[in-house]
Amino acid sequence: MIKIIIFDWGEVLCFYRKTFFRTIATKYKINYALFRKVELENRLKHEAGEISTTQFVQNINRACHSPISVHNYYTLHSHFVHLNKGMIKIIQQLKKKGYKIFLLSNNSEPTYNYIKDQKDLHKLFDKILFSYQIGLKKPDPHFFQHVLKDENIRFSQCLFVDDRSDSVVAAKKLGMSALQYTNLKKFKHDLAKLIL
């Protein structure tokens, strides 16, 4: 019997508009291809907790010869986050039915703060664990194990939802039920098979 449902963040509960990168490149007159490359390299380190938010932006500035401040970068970034309202509504329904809702994401401190600052969003989750907090990332099985630390629960009592197939496979290997999110209609159909 499923008691905990663990959701990923990006491309499941929210979508990032890809035009963010083009907007930054245009606004600060930096090379788009270089920015994408440097941003990805440093974002992976940022998500792993290897560099701070300040270092993340400084590394971009150094490589791209840009003058972006941390505040301006994330203020602009927040305008390109689009919440998956259909999934939020499903979570609200699941909470009413008594399921515990966890958020497990390869992500950084600014995203955690974004969620925390939106009280209606933050209160949906019984636990939030991001990769930067402990230096582990999906699909590492230790990351899944860590989110269930102090929970008197078995993996077989968890449902994991992610857009990435490697993370879904890793969760299944631990004994979780797992669904790969592609679209809301399919997710509702697949969820109904697992939760009656």
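Which residues does Ile-5 touch, not counting residues up to four places away in sequence? In this predicted model, Ile-5 touches Leu-94, Tyr-99, Lys-100, Ile-101, Phe-102, Leu-159, Val-161 and Ile-195, where a contact is defined by heavy atoms within 4.5 Å. Because the model is predicted, local features need pLDDT of at least 70 and side-chain atom pairs count only at pLDDT 80 or more, while totals for chains, interfaces and linings use all residues. Residues are numbered from 1 along each chain as its sequence is written, and side-chain values use heavy atoms, with hydrogens and water left out.

The protein has 11 helices and 7 strands, these elements being DSSP runs numbered from the N terminus (helices, H or I, at least four residues; strands, E, at least two). The radius of gyration is 18 Å, close to the 16 Å that the globule rule gives for 196 residues, so the protein is as compact as a globular protein of that length; the radius is taken over C-alpha atoms, and the rule is 2.2 Å times the number of residues to the power 0.38. Taken along the principal axes, the C-alpha atoms fill a box of roughly 55 × 30 × 30 Å. Of the 196 residues, 46% count as buried (buried means under 20% relative accessible area, exposed over 50%, and partly exposed in between, with a 1.4 Å probe and protein chains only). Residues 24 or more positions apart account for 64% of the contacts with a separation of 6 or more. The accessible surface comes to about 10,400 Å², of which 53% belongs to carbon and sulfur atoms, as computed by the Shrake-Rupley method with a 1.4 Å probe.

Strand β1 (4–7) is covered on both faces, with Ile-4 and Ile-6 buried on one side and Ile-5 and Phe-7 buried on the other. In a regular strand the side chains alternate between the two faces of the sheet. Strand β1 pairs with β4 in the parallel sense over 4 bridges, where pairing requires that DSSP find at least two bridges between two strands, and Ile-5 has Ile-101 as its bridge partner in β4. Strand β1 also pairs with β6 in the parallel sense over 4 bridges, and here Phe-7 stands opposite Val-161. Strand β6 (residues 158–162) is in turn joined by 4 bridges to β7 (residues 177–180), the two running parallel, with Leu-159 standing opposite Ser-177 in β7. From β6 the chain crosses through helix α10 (residues 165–173) to β7 in a right-handed β-α-β crossover, a term that applies if, with the strands pointing away from the viewer, the path from the first strand over the helix to the second runs clockwise.

The largest nonpolar core has 31 residues, and those with the most contacts inside it are Ile-5, Phe-7 and Phe-125; such a core is a set of buried Ala, Val, Leu, Ile, Met, Phe, Trp, Tyr and Cys residues joined through side-chain atoms within 4.5 Å. The elements that give two or more residues to this core are β1, β3 (81–83), α5 (85–96), β4 (100–105), α6 (109–117), β5 (127–130), β6 and α11 (184–194), and the largest share, 5 residues, comes from α5. A second, separate core of 18 residues includes Phe-20, Tyr-28, Phe-56 and Tyr-73.

Ile-88 lies in helix α5 and is buried, with a relative accessible area of 12%. Leaving aside neighbours within four places in sequence, Ile-88 is in contact with Leu-121 and Leu-124, and the C-alpha atoms of Ile-88 and Cys-14, 74 residues apart along the chain, are separated by 9.3 Å. Tyr-132, in helix α8, is partly exposed at a relative accessible area of 22%. Tyr-132 and Leu-44 are 88 residues apart in sequence and 9.7 Å apart in space, C-alpha to C-alpha, and the residues that Tyr-132 touches include His-46, Glu-47, Asn-107 and Tyr-112.

Backbone geometry was also examined. Most residues other than glycine have a negative phi, and most peptide bonds are trans. Lys-29, in the loop between α1 (19–27) and α2 (32–47), has a positive phi near 55° and is exposed, with a relative accessible area of 75%. Asp-150, in the loop between α9 and β6, has a positive phi near 70° and counts as exposed at 75% relative accessibility. The peptide bond from Lys-138 to Pro-139 is cis, with omega near 10°, and Pro-139 lies in the loop between α8 (131–134) and α9 (141–147).
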